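Q: Please take a close look at one part of this structure and then set it in its surroundings. I would like the cut-offs behind each term to be given as you go.

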Amino acid sequence: MSKEMQELQKQWRSVMQTIHSNANVVAFKNSRVGQYLDDHRFIALSLLMFVAVSAIPVAFFLIFVITTAIMSCISVIVMEGVVIAVGGISLLCVLCGLGGLSLGVSGILSVGYVVISTLVNCWYASKGQIKKHEASRGWLQKSPPVVDLSASNGKNE
């Protein structure tokens, strides 16, 4: 193992020792929840990931709430007008996007319907022509043989 790796392991062990010797961490690990999470590592990791990932949206929401509170203290009417205007513009953009999306999807479905119906019609038309062709060949083969009456008339007389 390289010297740098050993130094990194030593630093990591000292950080972990500091965390595990903290009184709050010891109290938490001795609690029922701490013991449960210690026994179920996957749940602990999932909980840690959820807290880490949800920290940014929660921070943005808190910033929004604080900014809104400050702005409402400054001017309720202006703030209300701005929020309504921004909300209206956002709604307009979302509805336009949904309209475009619905047009695109309906166009794709219409083209698919036309293509599939055309293929089905061609398939049944060709199948019908094959049956008609087989029927006409079968009719020709099933016709009785032609009898030459002149030959038979000569033999009878």
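A: Val-83 has its place in helix α5, where helices (H or I, at least four residues) are DSSP runs numbered from the N terminus. The model is a predicted one, in which local features need pLDDT of at least 70 and side-chain atom pairs count only at pLDDT 80 or more, while totals for chains, interfaces and linings use all residues. Residues are numbered from 1 along each chain as its sequence is written, and side-chain values use heavy atoms, with hydrogens and water left out.

Val-83 counts as partly exposed because its relative accessible area is 44%, buried being under 20%, exposed over 50% and partly exposed in between (1.4 Å probe, protein chains only). Between Val-83 and Thr-68, which are 15 residues apart in sequence, the C-alpha to C-alpha distance is 9.7 Å.

Helix α5, residues 76-142, also holds Val-105, which is partly exposed because its relative accessibility is 42%. Val-105 belongs to a nonpolar surface patch of about 680 Å², made together with Leu-91, Val-94, Leu-95, Leu-98, Leu-101 and Leu-109. Patch residues have over 30% relative accessible area and no salt bridge, with nonpolar side chains (Val, Leu, Ile, Met, Phe, Trp, Tyr) joined within 5 Å and like charges within 9 Å; the areas come from the Shrake-Rupley method with a 1.4 Å probe, and for residues only the protein chains shown count as cover.

As for the cysteines, a search of the whole structure finds zero disulfides, a disulfide being a pair of cysteine sulfur atoms within 2.5 Å. Cys-93 is in none, and the nearest cysteine sulfur, which belongs to Cys-96, is 6.7 Å away. Cys-122, at a relative accessible area of 48%, is partly exposed.

The structure holds one salt bridge, defined as a side-chain nitrogen of Lys or Arg within 4 Å of a carboxyl oxygen of Asp or Glu. This salt bridge joins Arg-41 and Asp-38, whose closest N and O atoms are 3.1 Å apart; Arg-41 is exposed at 60% relative accessibility, whereas Asp-38 is partly exposed at 34%.

Asp-38 is also, with Phe-28, Lys-29, Leu-37 and Ala-44, one of the residues nearest the centre of the largest pocket, which has 15 lining residues. The elements giving two or more residues to that lining are α1 (3-21), α2 (23-30), α3 (32-39) and α4 (41-74), and α4 provides the largest share, six residues.

Notes
On a 1 Å grid over the protein atoms alone, a cavity is a set of points where a 1.4 Å probe fits but cannot get out, and a pocket is an open set with protein on both sides within 12 Å along at least five of seven lines; lining residues have an atom within 4 Å of a point.
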